[in-house]
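Hello,

Here is the structure I promised to pass on to you. Have a look at it first, and then read on for what turned up in it.

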Amino acid sequence: MNIEIVTPEARVHDDTIDAVVIPTTSGEIDILPGHIPIVTKIQAGELIVNKSGRSQSLAISEGFAQCVGDKISILAENAIHIDEIDESAVEEAQKRAENALSTMEKLSDEEVAMLETQIAYARAQILLKQKQK
């Protein structure tokens, strides 16, 4: 199977894989060869790519996944490999977003949604990095 993970900034991952575990709004799904066609909404969390008996984890934010045949396409606001996560920078970003969110009466609905998405993605990165330790 081929997987492509794309964000607005870059193609984060493009590879031939054996399986992938995706965090969705309905729970985690494991996509193996021969999976039925599916389109699903992704929630912030850990995405696990399996290839040749090895697992590679990425933190991913909200987005969408599509599986058709042997092609898995993932479009997300953010995605990062576990080795690239800077835990202290992520914690600072989370604090800034939480502080901005505490002034909700001055924010539009779109701004609140954006901050909540940033916080969820930051939490996913921190949990993934702590899991690695």
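Glu 4 has a relative accessibility of 15%, and since anything under 20% is classed as buried, this residue counts as buried. Please keep in mind that the model is a predicted one. Glu 4 sits in strand β1, which covers residues 2-6. Leaving aside residues up to four places away in sequence, Glu 4 is in contact with Arg 11, His 13, Asp 14, Lys 71, Ile 72, Ser 73 and Ile 74.

One of those neighbours is also a charge partner: the side chains of Glu 4 and Lys 71 form a salt bridge, at 3.6 Å from N to O. This pair connects distant parts of the chain, with Glu 4 in strand β1 and Lys 71 in strand β9, 67 residues apart. Is Lys 71 buried or partly exposed? Its relative accessibility is 35%, so Lys 71 counts as partly exposed.

In total, the count of salt bridges is six.

- Asp 15 pairs with Lys 51, and their closest N and O atoms are 2.9 Å apart. Because Asp 15 lies in strand β2 (residues 11-16) and Lys 51 in strand β6, this bridge ties together parts that are 36 residues apart in sequence. Asp 15 is partly exposed, with a relative accessible area of 25%, and Lys 51 is partly exposed too, with 35%.
- Arg 123 and Glu 98 meet through their side chains at 3.4 Å, N to O, in a salt bridge. Here the link runs between helices, with Arg 123 in α2 and Glu 98 in α1, 25 residues apart. Arg 123 counts as partly exposed at 46% relative accessibility, and Glu 98 counts as partly exposed at 31%.

There is also a network: salt bridges with shared partners join Glu 4, Arg 11, Asp 14 and Lys 71.

Now for the inside. In soluble globular proteins, nonpolar side chains tend to be buried together. Which residues have the most contacts inside the largest nonpolar core? They are Val 20, Ile 22, Leu 47, Ile 72 and Ile 74, in a core of 19 residues. Strands β1, β3 (19-24), β4 (27-31), β6, β7, β8 (63-68) and β9 (71-76) each contribute at least two residues to this core. Its largest share, three residues, is supplied by β9.

Not counting residues up to four places away in sequence, Leu 47 touches Ile 5, Val 20, Val 21, Ile 22, Pro 23, Gln 56, Ser 57, Leu 58, Ile 60 and Ile 74.

The buried residues of α2 include Val 112, Leu 115, Ile 119, Tyr 121, Ala 122, Ile 126 and Leu 128. What do the buried residues of α2 pack against? Their partners are β6 (45-51), β7 (54-60), β10 (79-81) and α1 (87-101).

Notes. Residues are numbered from 1 along each chain as its sequence is written. This is a predicted model: local features need pLDDT of at least 70, side-chain atom pairs count only at pLDDT 80 or more; totals for chains, interfaces and linings use all residues. Side-chain values use heavy atoms; hydrogens and water are left out. Helices (H or I, at least four residues) and strands (E, at least two) are DSSP runs, numbered from the N terminus. Contact means heavy atoms within 4.5 Å. Buried means under 20% relative accessible area, exposed over 50%, partly exposed in between (1.4 Å probe, protein chains only). A nonpolar core is a set of buried Ala, Val, Leu, Ile, Met, Phe, Trp, Tyr and Cys residues joined through side-chain atoms within 4.5 Å. A salt bridge is a side-chain nitrogen of Lys or Arg within 4 Å of a carboxyl oxygen of Asp or Glu.
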